[in-house]
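Hello,

Here is the structure I promised to pass on. Please open it first, then read my notes below.

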Amino acid sequence: MYKSKRYKFDNETLDCHEMTVPLYGKILKAAVLFVLSVCAFVFYLYLFTNVFGLKTPKTLVVERNLNEWHSKLDMLGLRFDKAEAALADLEMRDNIIYRSIFGMEQIPSDVRNAGYGGVDRYSYLRDGGDYSGLLTSAVERIDILYKKAYLQSKSFDQVSIYSERAGEMALCVPTIPPVNMEHVRYASGYGMRLDPVYKDRVRLHAGVDLSPRNGKEGEPVYVTGDGVVERVVRSRYGYGNYVLVDHGFGYKTRYAHLREASVVPGQQVRRGEMIAFMGNTGHSNGTHLHYEVIYMNKTVNPVNYYNQDISPEDYEAIISTGNGGHE
């Protein structure tokens, strides 16, 4: 096979002699050619990408995959938005409707919206290359959504238990007058009024005042719903002698300015059971009963809870059952 040869002219002999290229020369020549090839590649790549704005096939593949993942994360975000909106609606109904119906404390927003996990909970995602934070954000939203859903499910479990006690609740709500309405008259209603004793300032009257028509002490006072006597107080100030009954389901009632009580703390009482006698103790200027209804730790207008037009016969039937004990 033909091979190219290199010759050198000898000026003394006037003849040409074949040249022998040493090994290091060949290696040097190959190295120079390699470096020049790399430089040419880098130069053309620079022109291809930076000057002409073109993209390499590998870059196009990476961008396509990245766009696909962004689209999947966007779809996941939309699903999160719908799930969070549905859960927020359930939370609103739970607090305002379901829990309120059964006199349950609302779950505070700071408890529902509390954070999830520690500071380094998602460090493994960042260490794994989630430089944009999109994947970390998605995983965090999943965790928070799961935590809220779990909390809501536990709340519904509690509501379900209370709903099974709906019949018991109907007996506990204070729905009858505290005295026989045939024997009393309204002395004062619920709302703002001038202090009846000192007449020095206007303040909230947190209940209703019922005075005996004959003006005498000793009118029987009856508990207005099933419950447990929480407190029996004897005092010469404020409410004077009074009884506080806890009916459960968020309801309490107070019977104040009594002559004396006939129950003790911790005693279970039934609607219509006599618990005290009307008197004129504490901050009072005449014989009367101050009656309060307290719901979720706030006083409400008692007349919205009992039937003012209840007949004497029906009332007598209720109190006779109450004082006769549970059937």
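**Notes on the model**

Lysine 252 is partly exposed, because its relative accessibility is 23%. Please keep in mind that this is a predicted model.

Lysine 252 forms a salt bridge with glutamate 230, with 3.1 Å between the closest N and O atoms. Lysine 252 is in strand β10 (residues 251-256) and glutamate 230 is in strand β8 (residues 227-233), so the pair ties together parts that are 22 residues apart in sequence. Glutamate 230 also meets arginine 231 in a salt bridge, at 4.0 Å from N to O. Glutamate 230 counts as partly exposed at 31% relative accessibility, and arginine 231 counts as partly exposed at 38%.

Another salt bridge joins the side chains of aspartate 89 and arginine 93 (3.1 Å, N to O). These two are about one helical turn apart, because they are 4 residues apart in helix α2 (residues 57-101). In total, the count comes to 9 salt bridges.

The largest pocket has a volume of about 430 Å³. It is lined by 23 residues, and the closest to its centre are Arg193, His205, Asp209, His257 and His283. By class, the lining has 6 nonpolar, 12 polar and 5 charged residues. Strands β3 (184-188), β5 (202-205), β6 (208-212) and β14 (289-295) each supply at least two residues of this lining.

Last, the surface. Phe34, Val35, Val38, Phe41 and Val42 form a nonpolar patch there, with about 500 Å² of accessible area together. Phenylalanine 34 lies in helix α1 (residues 23-51) and counts as exposed, because its relative accessibility is 57%.

Regards

Notes:
Residues are numbered from 1 along each chain as its sequence is written. This is a predicted model: local features need pLDDT of at least 70, side-chain atom pairs count only at pLDDT 80 or more; totals for chains, interfaces and linings use all residues. Side-chain values use heavy atoms; hydrogens and water are left out. Patches are made of residues with over 30% relative accessible area and no salt bridge: like charges are joined within 9 Å, nonpolar side chains (Val, Leu, Ile, Met, Phe, Trp, Tyr) within 5 Å. Accessible areas come from the Shrake-Rupley method with a 1.4 Å probe; for residues, only the protein chains shown count as cover. Buried means under 20% relative accessible area, exposed over 50%, partly exposed in between (1.4 Å probe, protein chains only). On a 1 Å grid over the protein atoms alone, a cavity is a set of points where a 1.4 Å probe fits but cannot get out, and a pocket is an open set with protein on both sides within 12 Å along at least five of seven lines; lining residues have an atom within 4 Å of a point. Grid points are joined across faces, edges and corners, and a volume is the space filled by probe spheres set on the points. Ala, Val, Leu, Ile, Met, Phe, Trp, Tyr, Cys and Pro count as nonpolar, Asp, Glu, Lys and Arg as charged, and the others, Gly among them, as polar.
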